[in-house]
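Trainee: I have a model open and would like to learn how to read it. Could you walk me through it?

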Amino acid sequence: MNAIAEHLAESNYDLISLQEVWSEYDFNRIRERLRDFYPYSHYFFSGAMGSGLCLFSRYKILSAFFHHWAVNGYVHKIQHGDW
């Protein structure tokens, strides 16, 4: 996560969208590093593990929406995955 944050801090994007950021701790770590370059951010909270989705923007985020999809398969049957 530190390497991702460093790379993004050197980027010149207007908006960054990341997925698979499952830990709020990791989101906060990236957010702290990007604060000077991307002062606006949003983390989509969802369920026990979170959604893993987050945004970083140079411009104010006016609105953000996340549609929570139902889980497919069974949580206790890890081999099913999310299919």
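Predicted model: local features only at pLDDT ≥ 70, side-chain atom pairs only at ≥ 80, totals over all residues.

Trainee: How many bridges join S1 and S3, and in which sense do they pair?

Mentor: To call two strands paired, one looks for at least two bridges between them. Here S1 and S3, the latter spanning residues 54-57, have four bridges, and their pairing is antiparallel.

Trainee: In what order do the strands lie in the sheet?

Mentor: The order is S1-S3-S2, in an open sheet of three strands with antiparallel pairing. Because S1 (15-18) and S2 (40-43) have a single partner strand each, they stand at the edges, and one side of each lacks a neighbour in the sheet. On average, neighbouring strands of the sheet are turned by 10° against each other, direction ignored.

Trainee: Which elements does the protein have, and how do they run from the N terminus?

Mentor: The protein has two helices and three strands. Starting at the N terminus, they follow the pattern α-β-α-β-β.

Trainee: What share of the residues is buried?

Mentor: A residue counts as buried at under 20% relative accessible area. In this protein, 27% of the 83 residues are buried. The exposed surface comes to about 6400 Å², with 56% of it supplied by carbon and sulfur atoms.

Trainee: And what share of the contacts joins residues at least 24 apart?

Mentor: Taking contacts between residues at least 6 apart in sequence, 44% join residues at least 24 apart.

Definitions and conventions:
Residues numbered from 1 in each chain as written. Heavy atoms only, no water. Axes fitted to C-alpha atoms, helices over the stretch in contact; angles between N-to-C directions. Buried < 20%, exposed > 50% of the residue type's maximum accessible area, 1.4 Å probe, protein only. Contact = heavy atoms within 4.5 Å. Areas by Shrake-Rupley, 256 points an atom, 1.4 Å probe, with all protein chains shown as cover.
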